[in-house]
Amino acid sequence: MPKINNLEELKKLREKSITETAARKEGKFRVIIGLGTCGIAAGGRKIMEAAMEEISKRGLKDVSVETTGCIGMCQNEPLMDIVRPGEPRVTYGNLKPEDVPRIIADHLVNGNVVEEKVIGRPE
Amino acid sequence: MATFRSHVLVCGGTGCTSGGSDKVLETLREGIKANGLDKEITVVQTGCHGMCEAGPIVIVYPEGTFYTHVKPQDAKEIVTEHLLKGRVVERLLYKEAMHSEAVPHYNELPFYSKQVRLTLRNCGYIDPDSLEEYIARDGYQALAKVLTEKTPEQVVEDMKTSGLRGRGGGGFSTGMKWMFCAKSPGPKKYVICNADEGDPGAFMDRSLLEGDPHAIIEGMAIGAYAMGADEGYIYCRAEYPLAIKRLLKSIGDAEEAGLLGENILGTGFNFTLHVKEGAGAFVCGEETALMNSIEGKRGMPRPRPPFPAIKGLWEKPSNINNVETWANVAQIMFHGPEWYANYGYEKSRGTKVFALTGKVNNTGLVEVPMGTTIREVVFDIGGGIIGGKKFKAVQIGGPSGGCLTEEHLDLPISYESLTAAGAIMGSGGLVVVDEETCMVDMARFFLEFTQRESCGKCIPCREGTKKMLDILIRITEGKGREEDIDNLIYLGTQIKTASLCGLGQTAPNPVLTTLRYFRHEYEAHIREKRCPAGACKALITITIDPAKCVGCTKCTKACPVKAISGTVKQPHLIDQDLCIKCGACVEVCPFKAIDKK
């Protein structure tokens, strides 16, 4: 570990370390990917990778990427849910990896639901 | 470190490690790699979570799913089900003892929801070997703040305002103690951490050292600045190898990062820290004996005064605090003394960590604000008595402490309230005792411990505890005499007043308090030659009721000394000359035909 010479350097190291351990609490923003057998078979893992890549590319903070099992809408897999604080959970379906950056940018970041990909609002 | 979507935390405390958590960790890592998840999920070894009874413990973040009793084969299932497919492994979730409902999330567990974890905030949450993770939790921010914004005098004042008192048991104001040392003249001073935790059943210091070593290092650096010391010692018993290993690693990392050593953070403040391994003598937990031991002398107490603040280690002004006390310092400085003083009850501010053991469902490490009642600790957090048996007493404060009974269950815990009831806060051992424990026998157990650990320097402790122990052994063997109780009280009071150090001054406490609250048990032993709890082997006989015995032969098989004879479907008989009164037959009899009296 490099030497911490002054307060400024300690502050920087703290911020970096906070980002790296952020996954240890549920983020205010949540991205939930369906990864039951159906989700895996339909390519859910690619969706998750695309989501993680987009989040790190944009340097988004306070977002947790979670997984969930089969919710019974296997025909619509891969599924991805977006939860913004204080807003209802929105489920997107029939996704391809290239859909993910748009949903992250429009919905997760800016709060505009990408209607044409929505398949449900459970609550 | 890189950014991962999920962190899997595996407890690496001593309890979980002995339960095989290192194998679990290995299996998780292998499974994650085999499934190609190693770029998105990381596995971290943490310190103790406190819920040792449920170990090995695995927590999956960000959800905070809490898995208990995890074995390596379960770890495989966690990988393939939870990590790969997002399905929680229901059967591994924590189940409350009272209900069989599974509790999925860490923060929803009744064991944790009643606690206020300030001192233990990082234990089980960070990798203790990682300085970065400590820094992510505001680590070394308090040191930086103190070095750049506060004078040493202000730090001492803040400590006084916080109301923190010695967590090793003495309960003396930490701020005052620091002030004495700060005002003591001399160019060379020392700060010392007492990590010689030796009470039977106490493990809060070990868990702190293993789970959050940097918190102690930071606290000591702040103390050194406040008192004008430039060198410190952590005196840790050699029986804590994992704690020592993590301490040495953390000290090395802090030195490399410039958080220990010369010119810390460019402020001109110097502080070096050493670890001294103790050889496991209980008396070395006494501050003057501890300093003798660091100096390489035999671990025996010195008379006080002069107090360590005037003439301590190598005759230099020194300040010695316990692990838990040091662990609180950085947080007090970071959040401010008023924040800390907000918690607590009357003159006891803040929180206290207790090691909850004995006949209670959730044994483990518990942190509660001062003022919490014993009932809340034993029943709400501890989950009640094992097997639904009847609560009898708690032994609080270890071998120096005393027992409290049912009538004290609603007593708010504070230094004063415990002392008034005849016990002491002590370091925080809390042993729960049920109806099947004999109080005379328990007093004998604790006195046997202190007697064995007496260093022998002063006569009251060396000879007095031996005489008391002789009497107790006699009573438990059914040879008690009428005058024994008076003699115990007389000896106990004399030893308390005349002994040189804290060991002798508190050794009679378990005997005196059990006499105060359970005198009738002593009298039953002495006058009726009877042990009401059915625990003292010399005073019980085990017999089979021929009317209830159906001759199933289960007891014959369970008996380790072949003392039970009889033919199948005929009542059996115990040979009293052979019986060792282990009670194994009582446990296995399906018809409750065997009596222990």
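This is a predicted model: local features need pLDDT of at least 70, side-chain atom pairs count only at pLDDT 80 or more; totals for chains, interfaces and linings use all residues.
How many bridges join E7(B) and E8(B), and in which sense do they pair? Strands E7 and E8 of chain B pair in the parallel sense over six bridges. Two strands count as paired if DSSP finds at least two bridges between them, and strands (E, at least two residues) and helices (H or I, at least four) are DSSP runs, numbered from the N terminus.

Residues are numbered from 1 along each chain as its sequence is written, and chains are lettered from A and ligands numbered from 1 in the order in which they are written.

After H12(B) comes B:Gly296, which has a positive phi near 90 degrees.

**The domains of chain B**

Domain bounds come from an automatic or database domain assignment.

| Domain of chain B | Residues |
|---|---|
| Domain 1 | 6-113 |
| Domain 2 | 131-341 |
| Domain 3 | 345-434 |
| Domain 4 | 439-527 |
| Domain 5 | 541-596 |

Taken over C-alpha atoms, the centres of domain 2 and domain 5 of chain B are separated by 57 Å.

**Two open sheets in chain B**

One open sheet has four strands in the order E2-E1-E3-E4 (chain B), with mixed pairing. Strands E2 (41-46) and E4 (65-67) of chain B stand at the edges with a single partner strand each, so one side of each has no neighbour in the sheet. From one strand to the next the twist averages 20 degrees; for such angles, axes are lines fitted to C-alpha atoms, for helices over the stretch in contact, and values run from 0 to 180 degrees between N-to-C directions. Strands E1 (residues 6-11) and E3 (residues 58-61) of chain B run antiparallel and are joined by four bridges. B:Val8 stands opposite B:Val60 in E3(B).

The other open sheet has five strands in the order E15-E14-E18-E16-E17 (chain B), again with mixed pairing. Its edge strands, E15 (364-369) and E17 (402-405) of chain B, each pair on one side only. The average twist from one strand to the next is 30 degrees. Helix H21 (residues 509-527) of chain B packs on this sheet, where it touches E16 (391-396) and E17 of chain B, and the direction of H21(B) makes about 25 degrees with that of E17(B). Strands E14 (residues 351-358) and E18 (residues 429-434) of chain B pair in the parallel sense over four bridges, and B:Thr357 stands opposite B:Val431 in E18(B).

**A look at B:Arg375**

B:Arg375 is found in helix H15 (residues 374-381) of chain B. Why is B:Arg375 classed as partly exposed? Because 15 other C-beta atoms lie within 10 Å of B:Arg375. Leaving aside neighbours within four places in sequence, B:Arg375 is in contact with B:Leu409 and B:Asp410; contact means that the C-beta atoms, placed from the backbone, lie within 7 Å.

Chain A has four helices and five strands, in the order α-β-α-α-β-β-β-α-β from the N terminus. Of its 123 residues, 38% are buried.

The contact takes 31 residues from chain A and 31 residues from chain B. H1(A) gives the most to the side of chain A that touches chain B, with eight residues.

How values were computed. A residue is buried if 20 or more other C-beta atoms lie within 10 Å of its own, exposed if 12 or fewer, and partly exposed in between; C-beta atoms are placed from the backbone. Two residues are in contact if their C-beta atoms, placed from the backbone, lie within 7 Å.
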